[in-house]
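Reader: I'm new to this structure and would like a close look at just one part of it. Could you pick a spot and walk me through what surrounds it?

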Amino acid sequence: MIFKTFSYFLVLEIGLAGAASAQPVSAGLKVGAPLTDALHVSSSPNAFSTDTHRYVIGPYLELRLPWKFSLEVDALYRSFEYQEKQTTSVGLWEFPVMAKYKPWKGPVRPYVEGGLVFSHVTGVKSAAELIHRADYGVTLGAGLEIHALVVRISPEIRYDGFAFRNFSSPGDLIQSNRSQAMFLVGIGF
């Protein structure tokens with residue numbers, strides 16, 4: 001009985017080790033900059049002023065799958081502020097879950113990616129303009145994966161299209177942009 005149980009666990013462990021080596025996991029850090037402003041000021045620009053901080057940063061995890069596909073999950077942070085009578089600082093977390101396709105092998109691999117993105121506004125205690133703290137949408141991107149020894153460097157352009165606006169003031173003087181673009185560079189192992 002003990003031998004049979006041990007044999008079962010040995011076969012299971014060998015099978016899991018084989019599956020893990022066939023589908024390696026990589027992790028790293030993404031850094032970049034938004035290419036679009038987080039907020040749009042409509043008619044009277046003197047009523048509001050905005051500042052989109054030009055950085056995006058966060059960890060990522062990628063699971064390589066068969067047939068040149070992989071699955072990537074990111075946790076990206078960026079911030080911006082706006083001011084009417086007082087300054088409101090906003091943190092925004094985005095959680096994209098994407099399928100990636102890399103059609104060629106070699107040290108430089110182009111890829112396309114697409115999936116869903118979920119976002120959450122942090123740091124805002126109360127603001128009349130905040131209408132949705134959480135949001136979801138689609139994300140699309142393209143880039144290159146460059147293999148340099150054990151490091152993978154992945155510059156990419158990404159587009160996020162969200163379902164709702166997080167911010168909208170009465171009279172639509174200030175609104176969040178539902179379409180966002182960003183340039184990212186992933187550094188992973």
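Author: One term before we start: a residue is called buried under 20% relative accessible area, exposed over 50%, and partly exposed in between. Phenylalanine 95, with a relative accessible area of 34%, is therefore partly exposed. Keep in mind that this is a predicted model.

Let's zoom in on glutamate 72, which belongs to strand S5, residues 69-74. Its relative accessibility is 0%, so glutamate 72 counts as buried.

What does the side chain of glutamate 72 touch? There's a polar contact of 3.1 Å with the side chain of lysine 30, and another, of 2.9 Å, with the side chain of lysine 100. Lysine 30 lies over the face of tyrosine 60, 5.0 Å from the ring centre. Lysine 100 has its charged end over the ring of tyrosine 111, at 4.0 Å from the centre. Setting aside neighbours within four places in sequence, the contacts of glutamate 72 also include Tyr60, Glu62, Met98, Glu113 and Arg158.

Now for the strands on either side. S4, residues 56-64, runs antiparallel to S5, and five bridges join them. Here tyrosine 60 turns up again, standing opposite aspartate 74 of S5. The two strands form a hairpin with four residues between them, and tryptophan 67 in the turn has a positive phi of about 60 degrees. S5 is also joined by five bridges to S7, residues 87-101, again antiparallel. In that pairing, valine 73 stands opposite valine 97.

Six aromatic pairs turn up in a search of the whole structure. One of them is tyrosine 77 with tryptophan 93, a tilted pair with 5.2 Å between centres and 55 degrees between planes. It links distant parts of the chain, since tyrosine 77 sits in strand S6 and tryptophan 93 in S7, 16 residues apart. Tryptophan 93 also pairs with phenylalanine 95: their centres are 6.2 Å apart and their planes at 10 degrees, so this pair is stacked. Together, ring pairs link Tyr77, Trp93 and Phe95 into a cluster.

Methods: Residues are numbered from 1 along each chain as its sequence is written. This is a predicted model: local features need pLDDT of at least 70, side-chain atom pairs count only at pLDDT 80 or more; totals for chains, interfaces and linings use all residues. Side-chain values use heavy atoms; hydrogens and water are left out. Buried means under 20% relative accessible area, exposed over 50%, partly exposed in between (1.4 Å probe, protein chains only). A polar contact is a pair of N or O atoms within 3.5 Å; within protein, one must be able to donate a hydrogen and the other to accept it, and residues adjacent in sequence count only if both atoms are side-chain atoms. Contact means heavy atoms within 4.5 Å. Two strands pair if DSSP finds at least two bridges between them. Rings of Phe, Tyr and Trp (its six-membered ring) pair if their centres lie within 6.5 Å; planes under 30 degrees apart count as stacked, over 60 as edge-to-face and the rest as tilted. A charge sits over a ring if NZ of Lys or CZ of Arg is within 6 Å of the ring centre and within 35 degrees of the ring normal.
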